[in-house]
Amino acid sequence: MALIDQETVRKILDTADIVDVVSDFVKLKRSGANYMGLCPFHNERTPSFSVSKARGICKCFSCGKGGTPVGFIMEHEQLSYVEALKWLANKYNIEIKERELTPEERAAATERESMLALNDFALQFFERTLTDSEEGRSIGLSYFRNRGLSDAAIKRFRLGFAPERYNALSTEALAKGYGREMLTATGLCAERNHGELVDRFRGRVMFPVFSVSGKVIAFGGRTLKTSKEVAKYVNSPESLIYHKSNELYGLYQAKREIVKKDKCILVEGYMDVISMSQRGVENVVASSGTSLTEGQIALIHRFTPNVTVIYDSDAAGIKASLRGIDMLLAHGMNIKVMLLPDGDDPDSFSKTHTLEEIEQYFKENETDFIRFKTRILLDSLESNDPVGRAGVINSIARSISVIPDRVIRSEYIKECARLLETDEDIVRLQVAKFANEAADKRTATPPSAPADQTPEIIEPTAPKRNATRTSGDIAAYLRAPELEVVRLCARYGLLTMGQVVDAEGDMTDLSVIDYVAGDLANDEIRLTNPDLERVFIAVQNAAEAWRAELPAALERAEAERRRFMADAAEEIASAGSVDSIRRKEQEAEMAAEEAAKMTLANEAERFLTTILGADPDNDVRRLATAFGSEKYVLSKIHTKGTHIPPERDLIGNRVPRATCGLKIAILQWREKELRAALAADPSSARQTLEELQGIRAIIAELARYLGERIVLPR
């Protein structure tokens, strides 16, 4: 949580490209002016995550999460605002000037940030021990080199060594100011009965586990002792920052190659990944010895729907892992399976073959999962075993039943019937039976919505007939009109909606946020919903920052105007007569002026989106992203031959209508209050009726006012 100067913050925000940032975590495909991909915040099979390069924001239209580059990183990596800025600065090689945290500030840091910082310290400690200590070189480095790993591979996967001394890491960590609680919370150390700290990984070679963004979140340690009393592998326990079922070893190093090749190769262990990668097969990840989980599958699906699972020749191990393959099928993944020669695993196979030989082996031996499973199960049966054969049919049919695509499912049914030499209708009936059973289970226990899922737009709650004026009631009642006012401000707040005459008689531009703030202040209106009020204040703060950016933006708009005129110069010169030249000059000047205005408006709109989307306040980021996202675009069929102006061209009318709509809602709420009071106490009927009459008159006047133009258009 170091302090970053505002100039550096602006440089980070200006440099970060939303498509580039999101592409580190999600495979994106162009869709019109935007990009689409699978949402990284929840499991889905149909892409609903939209990324707008022009507006610099992303949004999932299913779960509602997204934001600007900073907001996206904050959400995805669960980082603070400052940490997200530092993440982006590191990505784009932007130097950050910051000071060290004081002991008080370090104590105030969040538990997650402290754990990540401690793991990073441990990572450097293990790396340094491997290469700089006699013990590390003679034991750890020798082991890695005997396993055939190059220095480049060791460095790429940041392998290390933990000293045999029982408190080597804890002693150095405590001396650096890291707390005992963090050492045990991360699993780097454990406490003995008398409270003494003991290093968990002592005497082991170390394999760090990275998140998709490159944060070290856990470690795996392999012993080099041959004693059966010592566990071969020790791994970090589950913690706030590490959930084993949601992580894949090697994904951080492999993600770009997975996207490039549109395929993920799935193996079992650390050395399998490192050896394959060293040989040149870099799109490889490992489940680290665990059964494949829903979280891991969703992680792969963000980058590609195509998975190849590599097995060695251990039949028992293959059968045990078939359930995980069914889960892949249920996610709509395209599964291939490859069986290695007897005695080989991915580690040994990659060391005894060239890259060309490995690629050729893939081409010749990759097989469709259903065919592979059929062969494996049939090979385990005796020649005349009708009961066992029926079990195979049921097992294959159950796998086919989870495939979401009906066409693919139908083709697999035909192939299964052919391979098993049985009637296609029998297989089809069994597939339908298993699919219906699964559907019945889902219906019986519908999944609950995620706790953090929030609707994109919250509808107002209608007040009870005899409501009393509580802050919760009025906030809910006014939410819809307040939401519309804040939406227009958050999206177009810096744009000029018209002109007014100032005190000196000169015409000056009036921005949306200035108009709304002044209009509400004149009637002493404050927003009742705290989250919307914070967005409104954030827009006002952004307007102050925009004033400092405006001169540079005006220069860019003027440059666009000059460029437009320069492009039109040749056409003007060839016009012929003087009248034609004059007419074309006027047309070009008008078009150039419009292009300059468009450039300035685009910059203002994007500036506001960037500032709000990177706000440290979660509600401000969430709402700003929702306001700036457009789920639907009008079809060309409906817009052909018809000019439909964009909303920002209509703000001179829509903004006053929104503020008037809010005033009417406030008056209607007061009217309901008065009616409730009248019913409760008829003794004050005369005074109450007079106030009611006055409110009705104001509402009628505002309703008429909505149809009039309030400010002069430019």
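Colleague: How many disulfides does the structure hold?

Modeller: A disulfide is a covalent bond between the sulfur atoms of two cysteines. Here the cut-off is a pair of cysteine sulfur atoms within 2.5 Å, and the structure holds zero disulfides. For cysteine 39, the closest cysteine sulfur belongs to cysteine 60 at 3.6 Å, which is too far for a bond.

Colleague: Is cysteine 39 buried or exposed?

Modeller: Buried means under 20% relative accessible area, exposed over 50%, and partly exposed in between, with a 1.4 Å probe and protein chains only. Cysteine 39 is buried at 3% relative accessibility, and cysteine 489 is buried at 1%.

Colleague: Which residues have the most contacts inside the largest nonpolar core?

Modeller: In soluble globular proteins, nonpolar side chains tend to be buried together. A nonpolar core is a set of buried Ala, Val, Leu, Ile, Met, Phe, Trp, Tyr and Cys residues joined through side-chain atoms within 4.5 Å. The largest one here has 135 residues, and Tyr249 and Ile335 have the most contacts inside it. Apart from it lies another core of 41 residues, including Leu510 and Leu612.

Colleague: What does isoleucine 335 contact?

Modeller: Contact means heavy atoms within 4.5 Å. Leaving aside neighbours within four places in sequence, the contacts of isoleucine 335 include Val307, Leu328 and Phe369.

Colleague: And where do the numbers come from?

Modeller: Residues are numbered from 1 along each chain as its sequence is written. In this predicted model, local features need pLDDT of at least 70, side-chain atom pairs count only at pLDDT 80 or more, totals for chains, interfaces and linings use all residues, and side-chain values use heavy atoms, leaving out hydrogens and water.
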